[in-house]
Amino acid sequence: WVYFMLFAFVLAYAAVLATSWSIYLPGLYDVQESKRLIPFISSGALIGTIIGGVGVAFSVPLIGAANILFVWIASLLGVVLLVRSMGRLFTAMNTVARKVVKKPAGKQAGVWQSLKEGVTYSRTSALFMTTAVSTIATMMALQLIDFEYSKIFRQKYPSAAELTAFLGVVDGLTTVLALLIQWFVVPRCIRRLGVQGTNLLF
């Protein structure tokens, strides 16, 4: 159950991070800035995947597959400290630069009210429903693919150390390709085809 909980935590962490990122961007960048800068800013996640994958491949023979969890925990704690310090620094800088005047906050809607409003909006928005259905179908397909190639890899590499090192190398190399596409292909596609056309192409 420990590994199940860890896997669930990773998926939840990724979902929260993606949601926070999508909410954070519109407050700082307009459409034109997003087209030029977002592919390069978001490439930090890909660079981290490359470093993490290669690091796992080199660390497994030295400390074992199970001890990689401690490296992961240490990395998360380091990120927490980094984000906390950066949040304090840049919040203070933005407040001084923009001379933000805090206004008294009005009454905020509760969780139940926000949930009802979200459900009501989702029923009336054809775009939301189409996006939701396509996203669910895509994630189901990805999970099936992940399950199938995981069985193949497990048969090929029965040892946990060998399997972990192999997956680290695969993640690192495939992410290098994804990084090159994001740097040199995605910006041009967005400029010529737009966001919708780029999504359709990929």
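Biologist: Is threonine 175 buried or exposed?
Modeller: Threonine 175 counts as buried because its relative accessibility is 8%; buried means under 20% relative accessible area, exposed over 50%, and partly exposed in between, with a 1.4 Å probe and protein chains only. This is a predicted model, in which local features need pLDDT of at least 70, side-chain atom pairs count only at pLDDT 80 or more, and totals for chains, interfaces and linings use all residues. Residues are numbered from 1 along each chain as its sequence is written, and side-chain values use heavy atoms, with hydrogens and water left out.

Biologist: Which residues is it in contact with, leaving aside neighbours within four places in sequence?
Modeller: Threonine 175 is in contact with Leu46, Thr49 and Ile50, where contact means heavy atoms within 4.5 Å.

Biologist: And where does threonine 175 lie?
Modeller: Threonine 175 lies in helix α7; helices are DSSP runs (H or I, at least four residues), numbered from the N terminus.

Biologist: Which other residues of α7 are buried?
Modeller: Besides Thr175, the buried residues in α7 are Leu163, Ala165, Gly168, Gly172, Leu179 and Gln182.

Biologist: What about valine 176, buried or partly exposed?
Modeller: Valine 176 counts as partly exposed, because its relative accessibility is 34%. Valine 176 is also found in helix α7.

Biologist: Changing topic, how many residues does α7 have?
Modeller: α7 has 25 residues. From first C-alpha to last, α7 reaches 36 Å, close to the 36 Å expected at 1.5 Å a residue, the expected span being 1.5 Å times one less than the number of residues.

Conventions. Helix = DSSP H or I, 4+ residues; strand = E, 2+ residues; numbered from the N terminus.
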